Number of protein chains: 2
Amino acid sequence: MPMHVIPLEGLPMVQAGDDLAAFLLSTIKQSGLELVDGDILCLAQKIVSKAEGRQIRLDSVTASERAVELGKITDKDPRMVQLVLDESTVILRTRPGALIVRHKLGFVGANAGIDQSNVDHSAGESALLLPVDPDASAMRLRTAVRAATGKTCGVIITDSHNRPWRLGTIGSAIGSAGVRVLQDHRGGHDIFGRELKVTLINRADAIATMATLLMGETTERIPAALVRGLPPDDTNDTAQLINRPLEEDLFK
Amino acid sequence: MPMHVIPLEGLPMVQAGDDLAAFLLSTIKQSGLELVDGDILCLAQKIVSKAEGRQIRLDSVTASERAVELGKITDKDPRMVQLVLDESTVILRTRPGALIVRHKLGFVGANAGIDQSNVDHSAGESALLLPVDPDASAMRLRTAVRAATGKTCGVIITDSHNRPWRLGTIGSAIGSAGVRVLQDHRGGHDIFGRELKVTLINRADAIATMATLLMGETTERIPAALVRGLPPDDTNDTAQLINRPLEEDLFK
């Protein structure tokens, strides 16, 4: 069965306190689309963070001595570094331009996902943190969509990530509800009947990657997309499942 | 504009010497599809390797002392280890079950992409190497498709890769022709007019990820998919562009 990735065009600019589910449903309706069971709503982390009031003005941040020191090493505003420190549990790498950490949520990446692009700085230079609990955000949206439409949809909250050995960002799932995140083929058999040993497929990241590509292909004003055509999932999987425990890091 | 990912069902089993372009075109025709300019044909590495005769019988491989030693550390057949050594330039990590190397083609990953699943072992236990030059393979397919149909399509050769900190494989582009692989937004502006500093998007990997998800969702017998709906590219990009030089490894 083919899969379709449909940009949700015309979403209003999102601000703290906005009802994202209502925004999405009205945009879907205006696009002439109708949700069906199994549809997966993909939202850029940014609009979720904005709706949840995760924008911080830098003049409200006091940089610690450590943040000042790391700011010098990484060539970053010490207040931005302070926000990264506050959001992370382990600093993995520091060098000019790069501050790679393990986020409190378990993700490893640059700057704890904190970003200043596509953020309104008119009230003072600001930064946008990740949602406090993106899996819970996804679940709330899924519940709200079901309450409003009766349809059982998956929800994925996407972010763009760098990878150690491959240039260019791709989308990842940082929050997920109602989507089978990891599909385990271990114990199954290949087309010649041989046992499959290590085939664990990350579905949520693949779906996030598609949606993120389309969001980027069109315009930065399209922070949401609908993925249609995958079989509906009955699952309690969350994006937290994706985090490889640091002690199992194959590449360490 | 929506994107569509369409599985190419009914492709015959591929053997050394087969004409993949002819197989693909006949499968597309039988599916009632018609190629349009800008379509991107995504092929699992495995069928390309098979067509190119990259299947090796293990009884033809002599393990060196080093391969025997690494076989003990990694708990792998020393002949498989020998194949990995022959295909790679640097060994990055060794531990039970894991042999992470830099492939001659520049990719970093497990076992130099050498795999024994979905391979016919009836003539003796075998392994399948990556194509010698996947970018060239993609270009040949693109040229053959254009010659046969007059349509200008992209071609991506996909493989499944692990990542250091995220569980579950996702697809990557190891060969590409006619697809803008990296899209550089640096120097552009965000929705509030602020300059974008580090937005480099990996389109080829995102497309490969979608196609790979669909190939895995359906059945291991569907090793090809068509991605439709992205704007046609006029580019000489190759998948080689994706390899981050080891000295620029942000995470090292």
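Is A:D233 buried or exposed, and what is its relative accessible area? Here is a friendly walk through the model, with that residue taken up in point 6.

1. **Ground rules.** This is a predicted model, in which local features need pLDDT of at least 70, side-chain atom pairs count only at pLDDT 80 or more, and totals for chains, interfaces and linings use all residues. Residues are numbered from 1 along each chain as its sequence is written, chains are lettered from A and ligands numbered from 1 in the order in which they are written, and side-chain values use heavy atoms, with hydrogens and water left out.

2. Follow the strands (DSSP runs of E, at least two residues, numbered from the N terminus; helices are runs of H or I, at least four residues). Strands pair if DSSP finds at least two bridges between them. An open sheet of 10 strands, with mixed pairing, runs β9(A)-β8(A)-β2(A)-β12(A)-β1(A)-β1(B)-β12(B)-β2(B)-β8(B)-β9(B). At its edges stand β9 (170–177) of chain A and β9 (170–177) of chain B, each with a single partner strand, so one side of each has no neighbour in the sheet.

3. **Strand β12 of chain A.** Look at residues 224–228: 5 of the 5 are buried, where buried means under 20% relative accessible area, exposed over 50%, and partly exposed in between (1.4 Å probe, protein chains only). A:A224, A:L226 and A:R228 point one way from β12(A), while A:A225 and A:V227 point the other way. Strand β1 (residues 3–7) of chain A runs antiparallel to β12(A), joined by 4 bridges, and A:H4 has A:R228 as its bridge partner there. Strand β2 (residues 40–44) of chain A also pairs with β12(A) in the antiparallel sense over 4 bridges; here A:C42 is partnered with A:A225.

4. **Cysteines.** How many disulfides are there over all chains? The count is 0, taking a disulfide as a pair of cysteine sulfur atoms within 2.5 Å. For A:C42, the nearest cysteine sulfur is that of A:C153, 11 Å away. A:C42 is also buried, at a relative accessible area of 0%.

5. **Salt bridges.** The structure holds 24 of them over all chains, each being a side-chain nitrogen of Lys or Arg within 4 Å of a carboxyl oxygen of Asp or Glu. One of them joins the side chains of A:D39 and A:R228 (2.6 Å, N to O). A:D39 lies in the loop between α1 (20–30) and β2 of chain A and A:R228 in β12, so this pair ties together parts that are 189 residues apart in sequence. Another joins A:D233 and A:R203 (3.0 Å, N to O). Since A:D233 lies in the segment after β12 of chain A and A:R203 in helix α6 (residues 203–218), parts 30 residues apart in sequence are tied together. And the opening question? A:D233 is buried, with a relative accessible area of 14%, and A:R203 is buried too, at 0%.
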